[in-house]
Protein chains: 2
Amino acid sequence: MNCDFEAIFNKNFPFWDNLDKAEQEFICKNSTSVTFTKGTNAHDSSECSGFFFVNSGCLRVYIMSEDGKDITLYRLHSGDMCMLSASCVLQSLTFDVFIDAEETTECVVISGPAFASVSERNSDIKIFALELAVSRFSDVMWVMQQILFMSVDRRLAIFLIDESTRTSSDIIELTHEQIARYMGSAREVVSRMLKYFSNEGLVEVSRKGVKITDKPRLRDLTL
Amino acid sequence: MNCDFEAIFNKNFPFWDNLDKAEQEFICKNSTSVTFTKGTNAHDSSECSGFFFVNSGCLRVYIMSEDGKDITLYRLHSGDMCMLSASCVLQSLTFDVFIDAEETTECVVISGPAFASVSERNSDIKIFALELAVSRFSDVMWVMQQILFMSVDRRLAIFLIDESTRTSSDIIELTHEQIARYMGSAREVVSRMLKYFSNEGLVEVSRKGVKITDKPRLRDLTL
């Protein structure tokens with residue numbers, strides 16, 4: 001088979017090996033390599049752009065108000081996939097987002113209608129697509145809840161900035177468990193919010209502890 | 001087969017007919033009829049209560065902050081099903097909710113582990129469960145977006161109260177299209193928010209127009 005994307009699909013789609021040659025070829029034929037220049041719009045909530053696989057770069061997925069304010073739902077980095085840009089694939093998906101390229105981003109895009117037709121015939125693909133959507137929704141709902149209600153983002157940012165000032169270091173050498181105890185929160189909550197911060201480029205999380213990588217933006221969260 | 005719930009399952013589960021007798025019996029055996037008294041808690045975010053089917057009454061699904069504030073995500077009425085109370089069934093579902101009985105409510109509850117094991121073996125069931133979750137998430141995300149950003153709930157409430165005062169009637173005899181034009185919004189947005197209002201018991205929507213059924217609570221939304 002002559003398919004530029006076979007290695008990518010094989011590595012990232014758990015269902016790939018179970019497809020027959022015709023199905024694999026159909027998906028390949030309906031996929032294109034797309035480069036979005038930094039700062040451009042990659043998907044508009046009014047279209048069904050299709051299924052995005054990010055090869056390199058960074059896409060920002062967000063929702064927007066009528067007067068132009070927006071809230072970032074999540075960022076897609078190398079290896080990430082996006083289903084919310086393909087609402088035409090899943091009937092149950094009636095929620096639309098915008099996507100911008102924050103850096104120049106190389107993607108493989110599978111056409112929405114092609115993905116829809118193949119997922120109607122193959123339940124493994126449909127389950128994969130639905131699970132991707134449920135998992136993103138779970139993350140986004142969780143983040144919105146923490147931000148709206150509990151201000152965990154703000155409380156964690158304040159704690160990290162305070163610790164960094166106290167120790168005169170950008171590395172906070174504490175476990176998630178210890179941070180949670182200081183904040184009066186649960187370890188799971190702190191770990192998940194740190195993962196969100198890390199995805200946002202605010203911190204780096206390693207075995208050593210938490211390293212602040214963008215202090216100005218982290219400080220903005222404390223206001 | 002001796003199963004009290006067969007009629008309900010047959011009517012509401014599109015996959016029911018495709019199950020073999022053993023699978024049907026397994027689901028039946030792991031289902032129980034539960035009555036939640038008005039005002040009691042039916043599900044706590046720390047448990048996996050299972051899959052809820054509402055026979056009669058009304059359940060309120062909500063999220064809660066550490067200091068006890070809550071936001072209603074949606075209400076379940078007769079015939080509605082809830083997947084978010086069974087996060088153990090779907091690995092991708094990592095978001096938890098609370099559920100209270102707003103009226104005394106009769107439910108059929110399918111045990112979480114039993115539903116999980118049968119959905120692992122049968123992709124129709126898994127797709128059904130995932131689609132139910134995606135569809136709820138889509139609705140909830142949409143509502144949160146409208147409320148957070150665009151105040152469509154507030155603007156629509158103000159419009160309905162103003163119209164009702166102007167015409168001295170609780171029935172607003174306008175189409176969704178006309179309401180949208182007055183509000184400077186889109187028909188789809190108005191229709192969907194009216195559906196949300198109607199589910200919340202604030203209005204009744206019919207071909208004649210929109211009837212205000214709970215003016216005090218609608219008025220609260222305008223503040």
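Analyst: This is a predicted model. Let us start with one pair. A:Asp214 and A:Arg217 form a salt bridge, with their closest N and O atoms 3.5 Å apart.

User: Why is the pair A:Asp214 and A:Arg217 called a salt bridge?

Analyst: The label needs a side-chain nitrogen of Lys or Arg within 4 Å of a carboxyl oxygen of Asp or Glu. Here an Arg faces an Asp, and the N and O atoms are 3.5 Å apart. That is within 4 Å, so the label holds. In general, side chains of opposite charge can pair when their charged atoms come close.

User: What makes A:Arg217 partly exposed?

Analyst: Its relative accessible area is 33%. Buried means under 20% and exposed means over 50%. The value for A:Arg217 falls in between, so partly exposed is the word.

User: Which residues do salt bridges with shared partners join into one network?

Analyst: A:Arg60, A:Arg75, A:Glu102, A:Glu200, A:Asp214 and A:Arg217. Over all chains, the structure holds 22 salt bridges.

User: How many salt bridges are there between chain B and chain A?

Analyst: Two. In one of them, A:Glu131 pairs with B:Lys126, the closest N and O atoms being 3.3 Å apart.

User: How do you know that the pair A:Glu131 and B:Lys126 crosses between chains?

Analyst: A:Glu131 sits in helix α4 (residues 123–150) of chain A, while B:Lys126 sits in helix α4 of chain B. There is also a salt bridge between A:Lys126 and B:Glu131, at 3.3 Å from N to O.

User: Is B:Lys126 buried or exposed, and why?

Analyst: Buried. Its relative accessible area is 10%, which is under the 20% cut-off. A:Glu131 has 24%, so it counts as partly exposed.

User: What else does B:Lys126 pair with?

Analyst: B:Glu120. Their side chains meet in a salt bridge of 2.9 Å, N to O. B:Glu120 counts as exposed because its 53% relative accessibility is over 50%.

User: Which element supplies the largest share of the side of chain B that touches chain A?

Analyst: α4(B), with 19 residues. By class, that side of chain B has 18 nonpolar, eight polar and eight charged residues.

User: How much area is buried between chain B and chain A?

Analyst: About 3,200 Å², and carbon and sulfur atoms give 70% of that area. In this interface, 34 residues of chain B are in contact with 34 residues of chain A.

User: How do you know that the copies meet through the same surface?

Analyst: Compare the interface residues. 100% of those in chain B are also interface residues in chain A, so the surface is the same.

User: What does the side chain of B:Ser138 reach?

Analyst: The backbone oxygen of A:Ser92, at 3.2 Å. Leaving aside neighbours within four places in sequence, B:Ser138 is in contact with residues including A:Leu93, A:Phe95, A:Phe137 and B:Arg192.

Technical notes. Residues are numbered from 1 along each chain as its sequence is written. Chains are lettered from A and ligands numbered from 1 in the order in which they are written. This is a predicted model: local features need pLDDT of at least 70, side-chain atom pairs count only at pLDDT 80 or more; totals for chains, interfaces and linings use all residues. Side-chain values use heavy atoms; hydrogens and water are left out. Contact means heavy atoms within 4.5 Å. Buried area is the accessible area (1.4 Å probe) that two parts lose on being put together, summed over both. Helices (H or I, at least four residues) and strands (E, at least two) are DSSP runs, numbered from the N terminus. Ala, Val, Leu, Ile, Met, Phe, Trp, Tyr, Cys and Pro count as nonpolar, Asp, Glu, Lys and Arg as charged, and the others, Gly among them, as polar. Buried means under 20% relative accessible area, exposed over 50%, partly exposed in between (1.4 Å probe, protein chains only). A polar contact is a pair of N or O atoms within 3.5 Å; within protein, one must be able to donate a hydrogen and the other to accept it, and residues adjacent in sequence count only if both atoms are side-chain atoms.
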